[in-house]
Amino acid sequence: MKISKKFTAVALIAAMALIAGCGGSDKKAAPKANQKVTLKMAAHLPQSHPLVKAMQSLKEKAAQKSNGSIDITIYPAGQLFNDKNMNDALMSGGIDMGLNTVGRWASIVPAMDVFDVPFLFPGYEKVDKAIDNGLGQKLGEQLEKKGVRPLLWADYGFVQYGNNQKTIKVPADFAGLKIRGYSKYSAETIKALGASSVTMGSGEVYMAIQRGTIDGQSSGTTAMRDRKMYEVHKYITITNHASPEFIVAINDKSFNKLSADQQKALNEAAKEVQADIRANAKKEDLKALEDLKAKGAEVYVVPEAELKQWQEATKPVWDKFIKENGKIGQELIDICLKQ
């Protein structure tokens, strides 16, 4: 009888060890440092856009710094998800990484709309300083509550107005026009200037202008060029009224499946790419504007001395942002104004 009990005890211990070895334990093993991981990234911008090209640089740098163990597969031009449905996929884990504008994130983190408060940033360097001096941290903390972490803030450059009806020189010229807005406060700005706003995804704009559904749109000069908007609208007005950053974000679970060394490699690669994007943002905007002129676009640059009337016309948008976002809205505005 004693032999039987001893045998049973030994067998039980052996069985428990076997179960643990097969993954029966609740504890998850730490990712191996050199285990290859493939991360899928969605982007709605076209392959030729400077920010998508920068993602190719991120792919290369991450692979190099991780000794080839991180492979980022990029799906541009809405191949997997467009700008409207990408963030839901990112939060649910349907995609590992995404490059999307703060305007689309604002439906989840309303304070992201700060980048679309008109005439808040007087220059490219002011945007970057605001992000580095508190804006990025505060907004990043809000994203992390949704199971997503920002890897880098990508300067998109300033947005302008394009239309197929007439040269817009002053806010009064917007009267009677239907203009596509890319976000809530982009739409609010268009309405404050006197036009009707229509919100739609970026991939729908070309056809909507061509069909006469809308008269124009608001976007950066790089997007206007790369989406061939010069084929459907002739007039461009340079206002530099907003600078809607893009965020390269990663699903928390996707990030946590990386080893500590891989996480470090990805963060380092992201930091380098962010610096590169910042250094090139203004240059890319100006080059795209010259390309648009070469394609026949008629460009009007609002003189600095005339910006006051534009600021006065859109001041209600500032007030609306602060009212709707409360304390954090005022804090973010204050950070931007201090830079």
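## Basis and overall make-up

Residues are numbered from 1 along each chain as its sequence is written, and side-chain values use heavy atoms, with hydrogens and water left out. Because the model is predicted, local features need pLDDT of at least 70 and side-chain atom pairs count only at pLDDT 80 or more, whereas totals for chains, interfaces and linings use all residues.

The chain has 11 helices and 11 strands, where helices (H or I, at least four residues) and strands (E, at least two) are DSSP runs numbered from the N terminus. Of its 339 residues, 50% count as buried, a term that stands for under 20% relative accessible area, with exposed meaning over 50% and partly exposed the range in between (1.4 Å probe, protein chains only). The C-alpha atoms fill a box of roughly 100 × 40 × 35 Å along the principal axes. Among contacts (heavy atoms within 4.5 Å) with a separation of 6 or more, 76% come from residues 24 or more positions apart.

## The sheet of six strands

An open sheet of 6 strands has the order S7-S6-S8-S5-S9-S11, and its pairing is mixed; two strands are taken to pair if DSSP finds at least two bridges between them. Its edge strands, each pairing on one side only, are S7 (196–199) and S11 (298–301). From one strand to the next the twist averages 30 degrees, with axes being lines fitted to C-alpha atoms, for helices over the stretch in contact, and angles running from 0 to 180 degrees between N-to-C directions.

Just after H6, Gly-194 takes a positive phi of about 110 degrees.

## The sheet of five strands

The 5 strands of another open sheet follow the order S2-S1-S3-S10-S4, again with mixed pairing. S2 (70–75) and S4 are the edge strands, each pairing on one side only, and the twist averages 25 degrees from one strand to the next.

Strand S1 (residues 37–43) pairs with S2 in the parallel sense over 6 bridges, and within this pairing Thr-38 has Asp-71 of S2 as its bridge partner. Helix H5 lies across S4 and S10, running at about 150 degrees to S4. Helix H10 (residues 260–294) also packs on the sheet, touching S1, S2, S4 and S10, with a direction that makes about 30 degrees with that of S4.

Among the buried residues of H11 are Trp-310, Trp-318, Phe-321, Leu-332 and Ile-335. The buried residues of this helix pack against H5 (124–144), H6 (184–192) and strand S9 (235–238).

A nonpolar core is a set of buried Ala, Val, Leu, Ile, Met, Phe, Trp, Tyr and Cys residues joined through side-chain atoms within 4.5 Å. The largest has 38 residues, of which Trp-105, Met-112, Val-114, Phe-115, Phe-121, Leu-135 and Leu-139 touch the most other members. Elements that each supply at least two residues to this core include H3 (86–92), H4 (102–105), S4 (148–154), S10 (246–251) and H11. Leaving aside neighbours within four places in sequence, Leu-135 is in contact with residues including Val-114, Phe-121, Leu-332 and Cys-336. A second, separate core of 34 residues includes Leu-58, Ala-62, Leu-152 and Leu-266.

Asn-133 lies in helix H5 and is partly exposed, with a relative accessible area of 47%. With neighbours within four places in sequence left aside, Asn-133 is in contact with Ile-335 and Gln-339. Asn-133 and Ile-333 are 200 residues apart in sequence and 12 Å apart in space, C-alpha to C-alpha.
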